[in-house]
Amino acid sequence: MAMAAGEIEALILQGIPDARVEITDLAGDGDHYAARVVAESFRGLPRVRQHQKVYEALGGRMGGALHALQLTTSTPD
Amino acid sequence: MTDATTRIDELVRSNDVVLFMKGTALFPQCGFSSRAIAILDHLGVGYETVDVLQDGEIRQGIKAYSDWPTIPQLYVKGEFVGGSDIMMEMYEAGELQQLLADKQVAKAG
């Protein structure tokens with residue numbers, strides 16, 4: 001089960017409204033993505049919590065419908 | 001605590017560095033697990049691995065254990081560090097090396 005890049009972006013934005021999201025389809029197969037998520041609301045949170053926020057936004061699809069998402073999170077400079 | 005949680009707890013507590021992964025250190029079965037092993041090997045620390053593909057209970061249980069939906073997962077001295085992306089980010093920033101030094105993790109013998 002694959003997911004469209006737009007769908008991933010929309011879910012992340014829904015969960016983290018202040019995020020800037022960049023999705024790259026790594027293999028061109030709709031199943032291996034890289035996501036870069038930059039959000040002011042990440043400030044002060046350890047990396048694990050930042051990633052958990054993205055996983056929460058994806059609502060349980062991570063590890064299921066979405067097999068491979070290489071995730072990088074940061075705060076705006 | 002469920003049976004799986006108890007077993008995970010023991011694994012995490014009895015090993016300084018433990019990686020829950022798909023496959024083994026010699027034969028990782030997934031690109032993310034493979035990357036995690038490459039980082040640990042590069043750091044030169046001793047570590048244990050648990051192949052979740054051999055144990056369905058642990059495979060499910062580990063996701064709930066740290067509220068983390070994916071595998072691999074790295075634990076150092078009983079504490080959840082993160083998955084392979086976090087390991088890579090920390091490694092590149094020198095933070096993983098620092099964490100291992102701070103926690104006095106022994107180099108691989």
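Colleague: In strand E1 of chain B, residues 17-21, how many residues are buried?

Modeller: This is a predicted model. A residue counts as buried if 20 or more other C-beta atoms lie within 10 Å of its own. In E1(B), 5 of the 5 residues pass, so the strand is largely enclosed by the rest of the structure.

Colleague: Which residues of E1(B) lie on one side, and which on the other?

Modeller: In a regular strand the side chains alternate between the two faces of the sheet. Here B:Val17, B:Leu19 and B:Met21 are on one side, B:Val18 and B:Phe20 on the other, and both faces are covered.

Colleague: In what sense does E1(B) pair with E3(B), and in what sense with E2(B)?

Modeller: With E3(B) the pairing is antiparallel, over 4 bridges, and B:Leu19 stands opposite B:Leu74. With strand E2, residues 48-51, it is parallel, also over 4 bridges. There B:Met21 has B:Asp51 as its bridge partner. Between E1(B) and E2(B) the chain passes through H2(B), a β-α-β crossover that is right-handed.

Colleague: Which residues of helix H4 in chain B are buried, and what do they pack against?

Modeller: In H4(B), residues 84-92, the buried ones are B:Ser84, B:Asp85, B:Ile86 and B:Met87. The buried residues of this helix pack against elements of both chains, including helix H2 (47-57) of chain A and helix H5 (95-102) of chain B. Just after H4(B), B:Gly94 has a positive phi of about 80 degrees.

Colleague: What radius of gyration does chain B have?

Modeller: The value is 13 Å, which agrees with the figure near 13 Å for a compact globule of 109 residues. Of those 109 residues, 37% count as buried.

Definitions and conventions
Residues numbered from 1 in each chain as written. Chains lettered and ligands numbered in written order. Predicted model: local features only at pLDDT ≥ 70, side-chain atom pairs only at ≥ 80, totals over all residues. Buried ≥ 20, exposed ≤ 12 C-beta atoms within 10 Å, placed from the backbone. Helix = DSSP H or I, 4+ residues; strand = E, 2+ residues; numbered from the N terminus. Contact = placed C-beta atoms within 7 Å. Rg over C-alpha atoms; globule rule 2.2 N^0.38 Å. Pairing = 2+ DSSP bridges. Right-handed = clockwise from strand over helix to strand, strands pointing away.
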